[in-house]
Amino acid sequence: MKNCMRKNICVLRELFYLRFHALMVFRLDFLAPFFVDGSMFFIQLLAFGAVYSHVDAIGNWGRGEMIIYIGTFSLINALNMTIYFFGVNTIPQKVRSGELDLYLSKPISPLFRLTFENISPGSVPLIIMSIGIIGYGIRTLHQTLSVTGVIGYLFWVLIMTILYYEMEVIIRSASLYIVSMARLEQLEEACIDLCMKLPGIAFYGEYKIIFYLVLPYGIMATLPVQRIIGKMNAGTAAYGIGVVVLFSILTAVVWKQGLKHYHSASS
Amino acid sequence: MNDVIIHTSNLAKRYQRYRKREGIRNSIASLWKRDYEEKIAVDHIDLTVKKGELIGLIGPNGAGKTTLIKMLTGIIAPTEGSIDVMGYYPNDMKNEFKKQYAVVMGQKSQLFFELTVNDTLRLFKEIYEIPEKDFQKNKQYFVELFGVRDLMDVQVRTLSLGERMKMELIVSLIHNPKILFLDEPTIGLDAVASKQIRKFLMEINEKNGTTIILTSHYMEDIKALCERSIVINHGVKIYDGATDKLFDRFQKNKRITVTFDDPTEDMALQTENVSILENEAHKKIYQVPKQLVKELLAELMKYEPKDIVVEEEEIGVVVERIYREGGKFHG
């Protein structure tokens with residue numbers, strides 16, 4: 001176990017190193033994401049601004065909570081873009097082309113390598129901007145922060161980032177079972193788009209089942225916000241952890257069974 | 001028996017594929033009901049490979065060679081039969097197993113195109129957990145063997161196809177694998193590059209004792225490298241034995257292409273059993289039994305040709321002949 005960890009850390013270091021070198025070969029490729037991702041972020045903020053300029057409250061959340069919510073969702077999304085999105089996103093293409101063969105024949109977890117081989121330093125400014133929004137929300141709310149509050153919040157951001165990752169892997173692992181899966185990615189985009197604008201507390205009835213359990217995008221930013229504003233009870237915390245554990249198991253099963261289904265495209 | 005490194009028994013791989021009928025009506029109907037047919041890629045193959053062997057897997061496109069290699073490396077799971085490679089069931093995908101083999105696919109590159117080979121090697125060093133001292137020693141050995149010292153620090157995308165294949169071999173061999181699977185390693189290479197690659201493979205097999213299993217469309221690869229050949233057609237093993245015997249018995253003809261500066265018509269050739277495949281004023285292609293090549297060449301020289309090329313029969317023709325004449329033949 002210790003050896004495996006050490007090996008993974010060494011491979012991770014090399015993957016980071018290779019990615020940085022590869023990005024810096026083409027200066028435009030290296031610098032463009034800083035501007036493109038930043039622009040997209042501002043467009044999103046403008047959309048939020050337009051939606052919430054005439055809305056005073058959603059459920060029992062006011063303007064301050066909503067700003068923290070938007071910042072938190074952006075933060076989770078930015079962590080996703082920086083660390084694993086561009087790697088995980090290549091899974092369907094690698095399955096279709098048979099390039100996955102080269103990952104399967106190496107003595108390292110193929111998912112580990114795919115996850116970390118395309119980190120995106122160009123998305124780091126989004127993390128900083130998201131933290132800025134969260135800070136602004138906390139000021140608007142006149143919220144006093146404690147060390148345990150911040151650690152608790154970071155813990156929830158971390159495990160919700162893992163949940164986000166698991167959802168991405170599950171959806172892209174469908175390519176191991178079915179040939180065409182573009183619609184699933186569209187469904188994912190639509191859900192993220194909706195849940196970025198509406199916090200989980202706004203969902204009731206069957207919508208709550210969908211966005212809290214089936215496609216749990218509704219809890220991803222909601223739970224960290226509930227933690228930082230001091231409105232998270234033990235039941236909600238247990239539920240959140242339960243969902244992450246459930247999806248961790250599901251991801252492992254879907255991925256491993258998918259590899260058994262892998263036919264490998266003809267040479 | 002201890003020398004056996006690969007053993008398969010009744011190994012089979014079947015796929016289901018959707019058969020789509022023509023027309024919009026059938027497309028609509030296929031939304032509810034589909035016709036699937038079974039495609040047998042590998043059909044109950046028994047195979048035993050000993051340590052240090054260099055074996056050629058021959059067969060036309062779609063014969064099942066690549067599928068067999070993918071099962072031996074664990075990339076895909078067999079549908080039926082037993083498979084043992086170095087004591088492992090490959091599709092368990094154990095890292096200890098993967099550390100002991102390497103696979104090179106002629107049409108899939110494991111190199112980072114925008115980076116240098118040294119960069120890829122550093123990653124492979126970590127993936128295979130090679131100690132620094134061994135890594136440097138192996139790298140030095142292969143760099144000298146392949147004569148690529150000057151190319152280690154240039155972008156892979158700027159390398160020629162032949163140079164790139166040498167690099168593919170270096171990164172595959174850096175961890176000293178016990179078995180090297182090569183799927184069409186010389187595809188697209190010119191004669192000089194192919195010859196170089198063959199020479200290196202021979203050296204690696206002889207000096208390091210690496211077991212090599214090679215698929216190729218090119219007769220030259222198989223003839224030059226492999227003492228033992230296995231011919232596969234439609235997933236069935238139709239020959240397993242000495243390469244010499246295979247070609248002596250089934251490669252009966254040669255193909256001779258002759259070109260002329262001046263238009264040359266009516267050539268009244270005396271050599272028997274010559275068939276003409278192409279007949280143009282400046283170029284003619286003949287098929288002639290192997291034993292009569294010398295006679296035909298002597299005759300052709302009288303017409304002062306510009307160039308003469310003598311080639312082996314294509315692999316597909318040989319496979320077809322084995323199938324027709326031999327059924328299951330073991331040399």
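**Helix pair in chain A**

Is the crossing in which α2(A) passes α8(A) left-handed or right-handed? In this predicted model, the crossing of α2(A) with α8(A) is right-handed. Two packed helices are described by the angle between their axes and the distance between the axes. For helix α2 (residues 27–52) of chain A and helix α8 (residues 124–141) of chain A, the axes cross at roughly 30° and come within 9 Å. Because angles under 35 degrees count as roughly parallel, α2(A) is described as roughly parallel to α8(A).

**Residues at the helix contact**

From α2(A), the contact is made by A:F34, A:D37, A:G38, A:F41, A:F42 and A:L45. The residues contributed by α8(A) are A:P125, A:L126, A:M129, A:S130 and A:I133. Sorted by class, the contact of α2(A) with α8(A) comprises eight nonpolar, two polar and one charged residues.

**Overall architecture of chain B**

Chain B contains eleven helices and 13 strands. Along the principal axes, the C-alpha atoms of chain B occupy a box of roughly 70 × 60 × 50 Å. Among contacts in chain B with a separation of 6 or more, 72% are accounted for by residues 24 or more positions apart.

**Burial and surface of chain B**

Chain B has 331 residues, of which 50% count as buried.

Definitions and conventions. Residues numbered from 1 in each chain as written. Chains lettered and ligands numbered in written order. Predicted model: local features only at pLDDT ≥ 70, side-chain atom pairs only at ≥ 80, totals over all residues. Heavy atoms only, no water. Axes fitted to C-alpha atoms, helices over the stretch in contact; angles between N-to-C directions. Helix = DSSP H or I, 4+ residues; strand = E, 2+ residues; numbered from the N terminus. Parallel < 35°, antiparallel > 145°, perpendicular 65-115°, else oblique. Left-handed = near helix turned anticlockwise from the far one by under 90°. Contact = heavy atoms within 4.5 Å. Nonpolar A, V, L, I, M, F, W, Y, C, P; charged D, E, K, R; others polar. Buried < 20%, exposed > 50% of the residue type's maximum accessible area, 1.4 Å probe, protein only.
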